[in-house]
Amino acid sequence: MKKLGLYKKEKLCSARAIEQLFGARGADFAALAYPLRLVARNNPGRSSDAPVAFLISIPKKRLHHAVDRVLMRRRTREAYRLHHQDFALTTGVRLDAAFIYVADKTVSYRRVERAMLRLLRQLAEAFPPQGHEQA
C-alpha cells in the first residue's frame with residue numbers, strides 16, 4: 001500500500017536551498033506543462049532523507065485574489081501528494097523542486113493533475129536512479 005501523506009521533510013523551506021534553486025547557477029532541470037512549470041536541481045548536501053523536497057509558488061502577479069491562490073495551491077499540492085509515489089524518483093539522489101503556477105486564471109483540478117503527472121514523469125526521466133543511467 002502506498003503512502004499518500006506529505007511530511008515536513010518533503011517541504012523545501014531552506015532559504016539557502018531556494019536561493020540556489022533560483023540563483024545564478026540555476027536549476028539542473030526545467031519543464032513546462034501548462035499551467036505548471038517545474039524547476040529542479042540536484043542538492044546532494046541536503047540533510048533530509050526525502051528524495052524530493054518541493055515548494056509550490058502561486059504568484060500574486062498571476063492570481064490577484066488570495067482565495068484563488070489558495071485554491072490553486074491546494075489543487076497543486078493534492079496532485080503532487082497523490083502521484084509523487086507513482087514514479088521511481090531518484091533513488092540515491094536528493095532533489096529540490098519548485099512547482100510554479102503560470103496560468104492567469106484558476107483551472108480545474110483535472111488539468112492541474114495532468115500537468116503534474118507529465119512533470120513528474122519528466123523529472124523521473126531526467127534524474128534516473130543512480131547506477132541505472134541511460135545510454
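Guide: One term before we start. A polar contact is a pair of N or O atoms within 3.5 Å; within protein, one atom must be able to donate a hydrogen and the other to accept it. Keep in mind too that this is a predicted model.

Visitor: Fine. Which side chain does Asn43 join by a polar contact?
Guide: That of Asp96. The two side chains make a polar contact of 2.7 Å.

Visitor: How far apart are Asn43 and Asp96 in sequence, and how far in space?
Guide: They are 53 residues apart in sequence. From C-alpha to C-alpha, Asn43 and Asp96 are 6.4 Å apart.

Visitor: Where is Asn43 placed? And is Asn43 buried or exposed?
Guide: Asn43 sits in the loop between strand E2 (36-42) and E3. Its relative accessibility is 11%, so Asn43 counts as buried.

Visitor: What else is Asn43 in contact with?
Guide: Leaving aside neighbours within four places in sequence, Asn43 touches Ala17, Gln20 and Arg94, along with Asp96.

Visitor: Let me step back. How many helices and strands are there in the chain?
Guide: The chain has 3 helices and 4 strands. From the N terminus on, the order is α-β-β-β-α-β-α.

Visitor: How much of the chain counts as buried?
Guide: The figure is 41% of the 135 residues. As for contacts with a separation of 6 or more, 80% of them are between residues 24 or more positions apart.

Visitor: On to helices. How do H2 and H3 cross?
Guide: Helix H2 covers residues 66-83 and helix H3 covers residues 109-126. Their axes come within 9 Å and cross at roughly 45 degrees. H2 and H3 are therefore oblique to each other.

Visitor: Is that crossing of H2 and H3 left-handed or right-handed?
Guide: Right-handed.

Visitor: Which residues meet there, between H2 and H3?
Guide: From H2 there are Met72, Arg75, Thr76, Glu78, Ala79, Tyr80, Leu82 and His83. From H3 there are Tyr109, Val112, Glu113, Met116, Leu117 and Leu120. The residues of this contact divide into 9 nonpolar, 2 polar and 3 charged.

Visitor: Pick Thr76. Why does Thr76 count as buried?
Guide: Because its relative accessibility is 0%. The side chain of Thr76 reaches the backbone oxygen of Met72 at 2.7 Å. Neighbours within four places aside, Thr76 is in contact with Leu36, Ile56, Ile58, Phe99, Val112 and Met116.

Visitor: And in H3, what about Ala115?
Guide: Ala115 lies in H3. At 0% relative accessibility, Ala115 counts as buried. Ala115 and Thr76 are 39 residues apart in sequence and 9.4 Å apart in space, C-alpha to C-alpha.

Visitor: Pro35, then. Is the peptide bond from Tyr34 to Pro35 cis or trans?
Guide: Cis, with omega near 15 degrees. Most peptide bonds are trans. Pro35 is in the loop between strand E1 (29-33) and E2.

Visitor: Last one. Is Lys61 buried or exposed?
Guide: At 73% relative accessibility, Lys61 counts as exposed. Lys61 is placed in the loop between strand E3 (52-57) and H2. Lys61 and Asp104 are 43 residues apart in sequence and 8.5 Å apart in space, C-alpha to C-alpha.

Definitions and conventions: Residues are numbered from 1 along each chain as its sequence is written. This is a predicted model: local features need pLDDT of at least 70, side-chain atom pairs count only at pLDDT 80 or more; totals for chains, interfaces and linings use all residues. Side-chain values use heavy atoms; hydrogens and water are left out. Axes are lines fitted to C-alpha atoms, for helices over the stretch in contact, and angles run from 0 to 180 degrees between N-to-C directions. Helices (H or I, at least four residues) and strands (E, at least two) are DSSP runs, numbered from the N terminus. Angles under 35 degrees count as roughly parallel, over 145 as roughly antiparallel, 65 to 115 as roughly perpendicular and the rest as oblique. A crossing is left-handed if the near helix is turned anticlockwise from the far one by less than a right angle, and right-handed if clockwise. Contact means heavy atoms within 4.5 Å. Ala, Val, Leu, Ile, Met, Phe, Trp, Tyr, Cys and Pro count as nonpolar, Asp, Glu, Lys and Arg as charged, and the others, Gly among them, as polar. Buried means under 20% relative accessible area, exposed over 50%, partly exposed in between (1.4 Å probe, protein chains only).
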